[in-house]
Amino acid sequence: DKVTFISILSACASLAALPLGKLIHAYIISFQIDSDVGVETAVVSMYGRCGSIEDAQQMFDRMAVRTVISWNSIIAAYAVQGYSELALRLFQQMKKDGVKPNKITFISLLNACACPESLALGKHLHVHIVGNGMESEVDVSNALVSMYCRCNSIQDAWKIFEKMTKRDVISWNAMIGGYAQHDCGMKALRLFQQMQQEGMKPDEFTFLSILDACGSQMHGKLIHACIVEAGMESDVFVGTALISMYGRYGSIDEAWKVFNKLPNPNVISWNAMIAG
């Protein structure tokens, strides 16, 4: 039935299994359930997530009825591939057709703003988000912080972060990562301390960002102690970041100790050790 096909299409999308997805689409047509809006939306989503935008657009164009989920699927298809202007055009058409955007719409569009040239578009979307009363949604605010960081507007990112009444680990990671990427190491370290003081437990991505922000071996060792306390020293990604950090400061013995504790070092771990 249609629920089965929707589930299979979702699995194809998760695995990026485009040939299988096309085969399932052919079965859907043969079973004559391709006019169901839920199935059609799942087909659009599958093609989009598999990177076949042309197929996604063709399916979307054939839809007689489109829900907000249908629009989100096609907007996300363009956004993921970096076609921010085309995604925005679809957003404008969506509004003209009387379909009200939800937070998933805005998160998809914000994710398409991936460089300084997209800042004007990001700010335009921010105005719409405020107008729709969604700025207080944690995941929308997180997407705004990330967008401003990617677009080199770190002060705007901080303004959003500072206004947030609720923050999850993604919020903290976005702001810490933003500071790390913009060579604001001390601000990233202070924010990491504040995160812990407020009782938020750092995850793998927090440590990857903060290790990148370390401006001295002393800071790196303090972060290393936090990683050991969190039980993440044997994580291959965190361990590799530690090796790279110690390598930057010429502490080969410390890097070697971390390397030897990795249960399954990958090629990046080996490269980091060799480079150190």
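## Salt bridges

A salt bridge is a side-chain nitrogen of Lys or Arg within 4 Å of a carboxyl oxygen of Asp or Glu. By this criterion, the structure, which is a predicted model, holds nine salt bridges. Among them is the pair of aspartate 139 and lysine 103, whose closest N and O atoms are 3.1 Å apart. Aspartate 139 belongs to helix H9 and lysine 103 to helix H7 (residues 103-111), so this pair ties together parts that are 36 residues apart in sequence. Aspartate 139 has a relative accessibility of 31% and therefore counts as partly exposed. Lysine 103 is likewise classed as partly exposed, because its relative accessibility is 28%. A network of salt bridges links Lys103, Glu137 and Asp139.

A salt bridge also joins the side chains of lysine 163 and glutamate 135, with an N to O distance of 3.3 Å. Lysine 163 is part of helix H10 (residues 154-163), while glutamate 135 sits in the loop between helix H8 (119-131) and H9, so the pair ties together parts that are 28 residues apart in sequence. With 53% relative accessibility, lysine 163 counts as exposed. Another of the salt bridges connects glutamate 233 with lysine 261, where the closest N and O atoms are 3.6 Å apart. This pair links distant parts of the chain, 28 residues apart: glutamate 233 is found in the loop between helix H14 (217-229) and helix H15 (236-248), and lysine 261 in helix H16 (residues 252-261). Glutamate 233 counts as buried because its relative accessibility is 13%. Lysine 261, by contrast, counts as partly exposed at 47% relative accessibility.

## Overall architecture

The chain has 17 helices and zero strands. Along the principal axes, its C-alpha atoms fill a box of roughly 65 × 40 × 30 Å. Of the 276 residues in the chain, 46% are buried. Among contacts with a separation of 6 or more, 58% are between residues 24 or more positions apart.

## Packing of helices H9 and H11

Two packed helices are described by the angle between their axes and the distance between the axes. For helix H9 (residues 138-150) and helix H11 (residues 169-181), the axes come within 9 Å and cross at roughly 10 degrees. Angles under 35 degrees count as roughly parallel, and H9 and H11 are therefore roughly parallel to each other.

On the H9 side, the contact involves Val138, Asn142, Val145, Ser146 and Cys149, and these residues meet Ile170, Ser171, Ala174, Met175 and Gly178 in H11. The residues of this contact comprise six nonpolar, four polar and no charged.

## Aromatic pairs

A pair of aromatic rings is described by the distance of the centres and the angle of the planes. The structure holds ten aromatic pairs. In one of them, the rings of phenylalanine 60 and tryptophan 71 have centres 4.9 Å apart and planes at 75 degrees, so the pair is edge-to-face. Phenylalanine 60 lies in helix H4 (residues 53-62) and tryptophan 71 in helix H5 (residues 68-80), so parts eleven residues apart in sequence are tied together by the pair. Both phenylalanine 60 and tryptophan 71 are buried.

One aromatic cluster is formed by Trp158, Phe161, Trp172 and Tyr179.

When residues up to four places away in sequence are not counted, glutamine 57 touches Ile74 and Tyr78.

Glutamine 194 is located in helix H12 (residues 185-197). Its relative accessible area is 27%, so glutamine 194 is partly exposed. Leaving out residues up to four places away in sequence, glutamine 194 touches Arg167 and Trp172. Glutamine 194 and tryptophan 172 are 22 residues apart along the chain, and their C-alpha atoms are separated by 9.6 Å. Trp172 is also a member of the aromatic cluster with Trp158, Phe161 and Tyr179.

Technical notes. Residues are numbered from 1 along each chain as its sequence is written. This is a predicted model: local features need pLDDT of at least 70, side-chain atom pairs count only at pLDDT 80 or more; totals for chains, interfaces and linings use all residues. Side-chain values use heavy atoms; hydrogens and water are left out. Axes are lines fitted to C-alpha atoms, for helices over the stretch in contact, and angles run from 0 to 180 degrees between N-to-C directions. Helices (H or I, at least four residues) and strands (E, at least two) are DSSP runs, numbered from the N terminus. Angles under 35 degrees count as roughly parallel, over 145 as roughly antiparallel, 65 to 115 as roughly perpendicular and the rest as oblique. Contact means heavy atoms within 4.5 Å. Ala, Val, Leu, Ile, Met, Phe, Trp, Tyr, Cys and Pro count as nonpolar, Asp, Glu, Lys and Arg as charged, and the others, Gly among them, as polar. Buried means under 20% relative accessible area, exposed over 50%, partly exposed in between (1.4 Å probe, protein chains only). Rings of Phe, Tyr and Trp (its six-membered ring) pair if their centres lie within 6.5 Å; planes under 30 degrees apart count as stacked, over 60 as edge-to-face and the rest as tilted.
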